[in-house]
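Reader: I'd like to learn how to read packing and strand features off a model. Can we walk through one together?

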Amino acid sequence: MIQIGNTQFSLSDPLVLAALLGGALVMLILILLIMAVRASARSANLAEPLAQQVGQLGLRVQGLSDGQHQLAGGLNHVSEAQAAAQTHLLQLMEKRLSQVSEQMSENLQGSARRTAQSLGDLQQRLQAIDKAQDNITKLSGDVLSLQDILSNKQTRGAFGEIQLTDIVTKALPSDSYSLQHTLSNGRRADCLIHLPNPPGPICIDSKFPLEAYEALRRAKTDWELNEAAKFLRVSVKKHIRDISEKYILDGETADGALMFLPSEAVYAELHANFPELVRDGFAARVWIVSPTTCMATLNTMRAILKDARMREQAGAIRRELGLLFGDVERLGTRVENLDRHFNQASKDISEIKISADKAGRRARRLDNFDFEELAPDADTQIIALSKDS
C-alpha cells in the first residue's frame, strides 16, 4: 500500500500501477533530459577549442588555397617568362649564328683575296728572284771576265785608268784636266789636273798591286803571311818610287802626285796593316787615294779651280759692276722722267674732264631751250650760258 496524503492506494490496483509507471517514466525522461543537457554542455565545452582549431584549420586551408593560387600564377608567370626568354634566346642565337656565318663568309672571302694577292705577290717575287738569279748568273760571268781582266797587268792597268777617268769626268769640268798627258820627260800620266800656282798641275797615276794583295788574302800560315806582306811592301814602294821619279817635275808639275788605287779593299789594307807604306808615300810626296777619297780630293780641287777662276775674272766682274751701276743710275733718271710725264698726263686728263663736264652742262641747257618761244629774257639766257662756259 502506498499512502499519498490521506488516500491510500494499493499496488495491485492497475491504475496505481499505471500511474506509478507513468511517473517513473516521467522521472526517467527528466533524468535523461538532465543528463542530455549536461552532456550537451560538456560537449559544447569540449567542442569550442575544436571549433577554434577547425576555424584555424579552415584559415590555414584558405591560406594554402590562396598560396596555391599564387603559386599557380607564379608558375604561369615563370613559365611565360621562361618561354619568352627561350624565344629571345633562340632569336639571339639565330641572329648571332647569322652574324657569325656572315663574318665567316667575309673572312673566308678576305682570306681568299689575301691568299690570291699573296700568291700574286709570291709569283712576282719569284719572277724577281728568277730575274735576280739571271742577273747573278750574268754577274758571275762578269766576275769571271773581271778576274780574267785583272789577271793580266795590262788589262788591269786599263781597268784602273777607266775607273779613274770616270771619277775625274764626274768631279771636274772638262777643261780642267787632261787624260794621258805626256810630260816633258816623255812620261805619260794617266791624268793631269790643271791647278793654278801654287801648287800647280798635279799628276794622277793608277796602280793596282793585285797579286800581292791576293797573296796576302790567300795566306794561311805565318810564313805565307810574312812573304805576302813583304811582296806587298815591295810592290807598293816600287809604285811610290816610280810615281815620284816620273810625275813630279820642278817647274812643270806640283811638288806632289797622287797614286790611285782602284780598290777600296787594298786601300783599307794599307792604312790598317801597313801604315809605314802610307808614311813612305807622304815622305816621297805621293798621296795614296782610293775611289772614295779620290772623289773627295777632286771636289776640293774643283773648289780651288773655281776660286782661281773667280780671281782671274775679278777685273771683268768689277768692270761689269761699274757698267751695272751706270745702268741703274740711268734707269733711276728715266723713271723720274716717266713719273713727271705721268703727273703731267694726269693733270691734262683732269682738265679734259672739267671741259667735258662743262660741255655736257651746256648741251643739256641747249636741249631744254625753246627756240619757238619769243621770251624777252632769251638774250639773258644766252649770256648766262656764255658765262658758264
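Reader: Leaving aside neighbours within four places in sequence, which residues is L270 in contact with?

Author: Some ground rules to start. This is a predicted model, where local features need pLDDT of at least 70 and side-chain atom pairs count only at pLDDT 80 or more, while totals for chains, interfaces and linings use all residues. Residues are numbered from 1 along each chain as its sequence is written, and side-chain values use heavy atoms, with hydrogens and water left out. Contact means heavy atoms within 4.5 Å. On that basis, L270 touches L232, V236, L261, P275, L277, V278 and I288, with neighbours within four places in sequence left aside.

Reader: And which residues have the most contacts inside the largest nonpolar core?

Author: A nonpolar core is a set of buried Ala, Val, Leu, Ile, Met, Phe, Trp, Tyr and Cys residues joined through side-chain atoms within 4.5 Å. Buried is under 20% relative accessible area, exposed is over 50%, and partly exposed sits in between (1.4 Å probe, protein chains only). Here the largest core has 29 residues, and M259 and L270 have the most contacts inside it. Elements giving it two or more residues are β4 (188–193), α3 (210–218), α4 (222–246), β6 (257–260), α5 (264–273) and β7 (286–289). Of these, α4 gives the most, with 6 residues. Those labels are DSSP runs numbered from the N terminus: helices are H or I with at least four residues, strands are E with at least two.

Reader: What about strand β5: is it buried or exposed?

Author: In a regular strand the side chains alternate between the two faces of the sheet. In β5 (residues 202–206), 5 of the 5 residues are buried, so the strand is largely enclosed by the rest of the structure. I202, I204 and S206 point one way, C203 and D205 the other.

Reader: Which way does β5 run relative to β6?

Author: Two strands pair if DSSP finds at least two bridges between them. β5 and β6 run parallel, joined by 4 bridges, and C203 stands opposite A257 in β6. With β4, the pairing is antiparallel over 3 bridges; there, C191 has I204 of β5 as its bridge partner.
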